Amino acid sequence: MKTVIEKVTYNQKICNQEKIKAAGKIIQEGGLVAFPTETVYGLGADALNPQASAKIYEAKGRPSDNPLIIHISEMKALDKIAVHVSQQALKMAEHFWPGPLTMIFEKSELVPLETTGGLKTVAVRMPSHPAALALIKEAGGFIAAPSANTSGRPSPTSAEHVAEDMNGRISMILDGGAVGIGIESTIVDFTEEIPMILRPGYITPDMIKEVIGDIKIDPGLIKENSDVHPKAPGMKYRHYAPRAELILISGAQDNVQEKINNLAREAELSGKTAGVIGTDESFRYYSYGIVKSIGTRYDEDTIARNLYGILREFDQQNVDIIYSESFTTSGMGQAIMNRLLKAAGQRMIEI
Ligand code: TXA
Ligand code: MG
């Protein structure tokens, strides 16, 4: 299959309609189109067409029990695919939609089990990216879309990343340039008595508490609780991972730098190519391996935006082993550490 790459530009939220129309037509006819959202690029198909959803799993090599998020562009679409939507959930939608929030509800009859990985619940998100919103409208209102990476690899934050993984497997990539946020949406499950965060993201627990009060965090997300499985099926796999081995180092900043220098030197002495993930504040202290700054510690938004791109760059440079600094687990740092730990298969050296 030939993959067509189309640049989409938008001015005051108006997208070039011809390209979006063509992309919408592909989706309506059961095909696959990758498109930009504000979090990461998505791999879209008609969410109400079971054969189309099945193609997503095939293109990504994704386990069939891992459900997809349905993307909508207007509130009235929610009533068609979800039942028992609580007042709390509506309040969340009012505050955070369109935006990087996914909510889980009991599904309606309209939603095929092929889209929900066999579950009776459905994940729904209204993205804020103008190209995504325009595409959802053109495609009939319901786009099932996981991140547009090969299953297990870092999520794509640019059209080039999508092409790396999906060239020849899908009909079209809409290229809207680099994304704004860089890590996936926050997922909140509203099928429980007290809503529960299943995946941390740009919208933090504190931001949610301000809107609806009490909220729980999936105990399966906390590393020490390794006998408890996360409730979002996708959170149990090694994920977001580069081909190289990744190890995180945490502790006092000076000790971390010394440890990483030692480890990178040993790796190079044993003939491996080492990579080091530091920050704007620290990268000049590293003397071994390929050193990259992920951004400044004073701005977690930049760190989130650079994370997946850096992991992919190390892959392109054929690095064997990557040593990374760790970050705080407050605010957005929680989402950053969640992704880094998963990419590392939970390997962290604490000093
Ligand atoms: O920001 C995002 O959410 C991006 C963009 C493209 O919208 N999408 C995304 O999709 O990250 P994906 O498929 O890579 O991750 C979806 C996650 C998986 O961990 C999946 O297991 C979980 O959501 N999920 C989906 N439906 C669910 C359900 N009904 N119950 C529990 N978890 C669900
Ligand atoms: Mg994903």
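Let's start with a term: a salt bridge is a side-chain nitrogen of Lys or Arg within 4 Å of a carboxyl oxygen of Asp or Glu. By this rule the count here comes to 16 salt bridges. Before you click, know that this is a predicted model, where local features need pLDDT of at least 70, side-chain atom pairs count only at pLDDT 80 or more, and totals for chains, interfaces and linings use all residues. Residues are numbered from 1 along each chain as its sequence is written, chains are lettered from A and ligands numbered from 1 in the order in which they are written, and side-chain values use heavy atoms, leaving out hydrogens and water.

**Stop 1: a salt bridge.** Select Arg 153 and Glu 164, whose side chains meet in a salt bridge at 3.6 Å, N to O. Arg 153 sits in the loop between strand E10 (143-144) and helix H6 (159-166), while Glu 164 is in helix H6, 11 residues apart. Helices (H or I, at least four residues) and strands (E, at least two) are DSSP runs, numbered from the N terminus.

**Stop 2: the sheet.** Now colour five strands, which form an open parallel sheet in the order E17-E16-E18-E15-E19. Two strands pair if DSSP finds at least two bridges between them. Which strands are at the edges? They are E17 (290-293) and E19 (348-350), each pairing on one side only. Zoom in on E15 (residues 245-250), which pairs with E19 in the parallel sense over three bridges. Ser 250 has Glu 350 in E19 as its bridge partner.

**Stop 3: the ligand.** Show ligand 1 and the 28 residues around it (a heavy atom within 4 Å). Thr 39, Asn 66, His 71, Ser 185 and Gly 234 come nearest. Look for polar contacts, meaning pairs of N or O atoms within 3.5 Å; within protein, one must be able to donate a hydrogen and the other to accept it, and residues adjacent in sequence count only if both atoms are side-chain atoms. A polar side-chain atom of Thr 39 lies 2.7 Å from a ligand 1 oxygen, one of His 71 lies 2.7 Å from a ligand 1 oxygen, and one of Arg 62 lies 2.8 Å from a ligand 1 oxygen.

Stop 4: Select Trp 97 and Pro 98: a cis peptide bond joins them, with omega about -10°. Pro 98 is in the loop between helix H4 (87-96) and strand E8 (101-107). Finally, pick His 84, which has a positive phi of about 55° although it is not a glycine. His 84 lies in the loop between strand E7 (82-83) and H4.
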